[in-house]
Amino acid sequence: MLSFSKRKGNALGAITLNEMKEKPKALNWGIIGLGGIAHAFVQDLLLLDSANLLAVASRTQAKANAFAQQYGAKRAYGSYEEIMNDKEVDILYIATPHDSHKSLAIDAMQSGKHVLCEKPMSVSRSQVEQMIHAARANNVFLMEAFWSRFNPSISEVLQRVKRGELGEVNYVNADFSFYREDPDDSRMLNMDLAGGSLLDMGVYPVFLSYMVLGIPLEIQAVGQLHSTGADLQTAAIFKYNNAVAQIMSGFKSQSDMRARICGTKASIFIEPIWHETQSYSFLENQSGEITNFKRPTNGKGFTYEIEECTACINAGKQESEKWTWQNSLDLMKITDEIRRQIGIKYPFE
Ligand SMILES: NC(=O)c1ccc[n+]([C@@H]2O[C@H](COP(=O)([O-])OP(=O)(O)OC[C@H]3O[C@@H](n4cnc5c(N)ncnc54)[C@H](OP(=O)(O)O)[C@@H]3O)[C@@H](O)[C@H]2O)c1
């Protein structure tokens with residue numbers, strides 16, 4: 001464990017990128033927004049020796065106290081402002097609804113903290129640009145918590161695609177849909193919180209087609225909007241030079257959530273639930289032979305993005321090479337266009 005009294009830190013207290021270059025250290029983590037994903041994430045954080053759970057922050061003190069007690073965080077703050085001012089927090093994990101990602105991430109970076117921000121990085125490409133600008137200006141690390149990028153099966157699948165093992169990829173099909181009923185003021189349906197299926201779940205299928213085929217040449221999207229304006233279901237077809245992709249997200253149907261990447265030589269099926277998968281199957285077109293590859297995750301699978309943050313910060317990097325700022329910008333460019341086509345606009349935009 002790191003001795004806090006011996007830590008050097010910058011003027012604001014956090015370990016600077018240059019110091020991390022000199023001597024790799026475990027990072028002191030802080031968490032903002034103690035909801036569903038924070039509970040899942042912290043359990044993986046606790047699996048890693050390279051991560052210390054130092055502080056957590058909620059809008060209510062009692063909730064922060066309970067969370068800190070449950071997971072052994074040393075400090076519990078009843079406001080987000082207080083954790084920003086904690087000089088010993090190196091990196092803040094932002095786990096609030098999407099509408100607040102940009103402002104909280106910028107506040108954190110201006111306080112000298114590195115940031116891992118839940119997906120979607122923000123609600124639009126222009127907001128992500130502002131976040132990247134803040135990372136540059138404050139010389140800190142920033143990454144979108146796109147954990148699927150670091151999933152062992154998905155990483156391996158993307159390498160196989162890159163090596164040409166599927167031949168020319170001509171079709172990607174991925175969805176993320178389950179049946180649920182939420183009140184209108186819930187995070188899923190409340191437009192003040194950037195509700196809707198596309199930014200919550202649709203970003204995953206968009207991510208897969210983007211990683212395999214890049215930015216589409218054309219997008220044709222349709223959506224079914226709720227009375228609040230949030231998209232209940234969104235489907236889109238992406239056109240590429242020699243390929244098409246179909247993506248879908250929704251709260252109104254239960255999908256098997258298996259993703260498909262099909263090429264001239266072979267196809268890969270990423271097994272359910274594909275975006276957090278434990279295995280994938282490889283089908284050779286000619287022989288019809290199918291092989292299953294099991295790649296169990298450490299914890300739920302958040303461990304890999306946490307380790308990526310630690311490795312990058314220790315290496316003095318401001319961004320990950322595996323999930324770059326450009327990747328986050330591109331993803332938002334695609335979702336911006338889908339939103340434009342189906343008429344999703346948030347009141348705060
Ligand atoms: N990577 C993944 O697999 C994954 C999975 C689920 C969600 N996410 C992402 O994580 C983020 C949070 O999702 P979640 O499912 O954890 O949401 P959630 O359960 O509603 O929790 C969000 C937390 O944010 C805080 N918050 C701050 N302002 C809020 C506001 N105006 N209304 C409601 N809560 C507010 C609250 O914490 P306090 O009361 O403690 O302040 C709340 O508990 C979203 O951006 C989502 O896309 C990622």
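Reply: The account below begins with the domains and the ligand and then turns to the helices and the backbone. The model is a predicted one.

Across the boundary, twelve residues of domain 1 are in contact with eleven residues of domain 2. On the side of domain 1 that touches domain 2, six residues are nonpolar, three are polar and three are charged.

The ligand lies between the two domains, because domain 1 and domain 2 both give residues to the shell around it. Of the 21 residues around the ligand, those that come nearest are Gly 33, Gly 35, Gly 36, Ile 37 and Ser 58. Sorted by class, this shell holds seven nonpolar, eight polar and six charged residues.

The helices come next. Two packed helices are described by the angle between their axes and the distance between the axes. Helix α10 (residues 325–342) packs with helix α8 (residues 197–213) at an angle of about 120 degrees, and the axes are 10 Å apart. The angle makes α8 oblique to α10, and the crossing is right-handed. On the α8 side the contact is made by Leu 198, Leu 199, Val 203, Val 206, Phe 207 and Tyr 210, while α10 contributes Asp 330, Leu 331, Ile 334, Thr 335, Ile 338 and Arg 339. By class, nine residues of this contact are nonpolar, one is polar and two are charged.

Helix α10 also packs with α6. The axes of α6 and α10 come within 8 Å and cross at roughly 160 degrees, which means that α6 is roughly antiparallel to α10. This crossing, too, is right-handed. Here Arg 125, Val 128, Glu 129 and Ile 132 in α6 meet Trp 325, Ser 328, Leu 329, Met 332, Lys 333 and Asp 336 in α10. The contact of α6 with α10 comprises five nonpolar, one polar and four charged residues.

Helix α6 in turn has a contact with helix α5 (residues 101–110); their axes come within 9 Å and cross at roughly 5 degrees. Lys 102, Ala 105, Ile 106, Met 109 and Gln 110 of α5 form the contact with Gln 127, Gln 130, Met 131, Ala 134, Ala 135 and Asn 138 of α6. These residues divide into six nonpolar, four polar and one charged.

The loops on either side of α6 hold backbone features worth noting. Most residues other than glycine have a negative phi, and most peptide bonds are trans. The peptide bond from Lys 119 to Pro 120, however, is cis, with omega near -15 degrees. Pro 120 is placed in the loop between β5 (114–118) and α6 (125–138). Asn 139, in the loop between α6 and β6 (142–145), has a positive phi of about 55 degrees although it is not a glycine.

A cis peptide bond also joins Pro 272 and Ile 273, with omega about -15 degrees. Ile 273 lies in the loop between β12 (266–270) and β13 (279–284).

Key
Residues numbered from 1 in each chain as written. Predicted model: local features only at pLDDT ≥ 70, side-chain atom pairs only at ≥ 80, totals over all residues. Near = placed C-beta within 6 Å. Nonpolar A, V, L, I, M, F, W, Y, C, P; charged D, E, K, R; others polar. Domains from an automatic or database assignment. Axes fitted to C-alpha atoms, helices over the stretch in contact; angles between N-to-C directions. Helix = DSSP H or I, 4+ residues; strand = E, 2+ residues; numbered from the N terminus. Parallel < 35°, antiparallel > 145°, perpendicular 65-115°, else oblique. Left-handed = near helix turned anticlockwise from the far one by under 90°. Contact = placed C-beta atoms within 7 Å.
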